Amino acid sequence: MPLMLQIQIGNYYLFFAFGKNTSYNLIKLKFKVTIFINFTIYKVDGFYYIYIKKITMRYIILALVLSLFVSCSSDDEKDYVTLNDQEITDYIAQNNLDAKKSATGLYYVIDNEGAGAQPNSVSTVTVAYKGYFTNGSVFEESPAEGVSFSLQKVIPGWTEGIAYFREGGSGTLLIPSHLAYGNAGKGSIPGGTVLIFDINLISVN
């Protein structure tokens, strides 16, 4: 549900609506107008005449609604592709990583390619992993024996990245936000955030 904010300045009212998951922000400006008419009605030869002496206008009711539609390139829904790519390449340089970049913008490091079965995008796999941000802060870590899941039910960066390894392989996935949780984020992961995973592909089930 969006957050509503009302500010009154004299007879003027400013309304702001903010929503994290809305596709737009709505700004409403309302002010009021009232018209006072001083008039006299009189009758001459069977006809009624209205004599208007004075018209006074005071602001009471006039509403102006301005809708600011936010596209993917706006501040709340900004395009992080370029920003994420720069963040990843800086991280790679600072940590001397031998990383490759795929056509989708995913970066990956293969420390050990593995010698077993190679998964595809619909495989079920068991993976031990540690997920962290470029500042080194860990947001998630699996037990040593790994976690089993279908590659159809994970973020796109995992579906693509895990398939570069064979069973027994290990390495690192550096995933831009458009291949992870996008601009909205999820839980403790803010929108537009680069995610890094150290992974060990234990088995292809």
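Analyst: This is a predicted model, and a place to begin is N96, which is exposed, with a relative accessible area of 72%. The residue sits in the loop between α1 (81–94) and β7 (100–101).

User: What is the phi of N96, which is not a glycine?

Analyst: N96 is placed in a loop, between α1 and β7, and its relative accessible area of 72% counts as exposed because the cut-off for that class is over 50%. Although N96 is not a glycine, its phi is positive, at about 50°.

User: How many salt bridges does a search of the whole structure find, and how far apart are the closest N and O atoms of D85 and K101?

Analyst: The search of the whole structure returns 1 salt bridge. D85 in helix α1 and K101 in strand β7 are 16 residues apart, so that the pair links distant parts of the chain. D85 is partly exposed at 23% relative accessible area, and K101 is partly exposed as well, at 48%. D85 and K101 form a salt bridge in which the closest N and O atoms are separated by 3.0 Å.

User: E160 has no salt bridge; which side chain of opposite charge is nearest, and how far away is it?

Analyst: E160 belongs to helix α2 and is buried. Leaving aside residues up to four places away in sequence, E160 touches S102, T104, L106 and L179. A salt bridge requires a side-chain nitrogen within 4 Å of a carboxyl oxygen, whereas the nearest side chain of opposite charge to E160 is K101, at 11 Å.

User: How many aromatic pairs does a search of the whole structure find, and what is the geometry of the pair formed by F149 and W158?

Analyst: Over the whole structure, the search gives 7 aromatic pairs. In one of them, F149 and W158 have ring centres 5.3 Å apart and planes at 65°, an edge-to-face arrangement. F149 counts as buried because its relative accessibility is 15%, against a cut-off of under 20%, and W158 is likewise buried, at 5%.

User: Which parts of the chain does the pair of W158 and F197 link, and what is the angle between their planes?

Analyst: W158 and F197 are both buried, and their rings form an edge-to-face pair with centres 5.1 Å apart and planes at 85°. This pair joins distant parts of the chain, 39 residues apart, with W158 in helix α2 (residues 156–161) and F197 in strand β13 (residues 195–204).

User: Which residues do ring pairs link into a cluster, and over the face of which residue does K130 lie?

Analyst: Linked through ring pairs, the cluster is made up of Y129, F133, F139, F149, W158 and F197. K130 is placed at 5.5 Å from a ring centre, lying over the face of Y132.

User: Which residues have the most contacts inside the largest nonpolar core, and which strand gives the largest share of this core?

Analyst: The largest nonpolar core has 22 residues, and those with the most contacts inside it are V127, W158, I162, I175, F197 and I199. At least two residues of this core come from each of β9 (124–132), β12 (170–175) and β13. The largest share, 4 residues, is supplied by β13.

User: How many residues make up the second, separate core, and which residues does W158 touch?

Analyst: The second, separate core has 9 residues, including I88, I92, Y132 and I196. With residues up to four places away in sequence not counted, W158 touches V127, Y129, F149, L151, L173, I175, F197 and I199.

Methods
Residues are numbered from 1 along each chain as its sequence is written. This is a predicted model: local features need pLDDT of at least 70, side-chain atom pairs count only at pLDDT 80 or more; totals for chains, interfaces and linings use all residues. Side-chain values use heavy atoms; hydrogens and water are left out. Rings of Phe, Tyr and Trp (its six-membered ring) pair if their centres lie within 6.5 Å; planes under 30 degrees apart count as stacked, over 60 as edge-to-face and the rest as tilted. Buried means under 20% relative accessible area, exposed over 50%, partly exposed in between (1.4 Å probe, protein chains only). A charge sits over a ring if NZ of Lys or CZ of Arg is within 6 Å of the ring centre and within 35 degrees of the ring normal. A nonpolar core is a set of buried Ala, Val, Leu, Ile, Met, Phe, Trp, Tyr and Cys residues joined through side-chain atoms within 4.5 Å. Contact means heavy atoms within 4.5 Å. Lys and Arg count as positive and Asp and Glu as negative; His and the chain ends are not counted.
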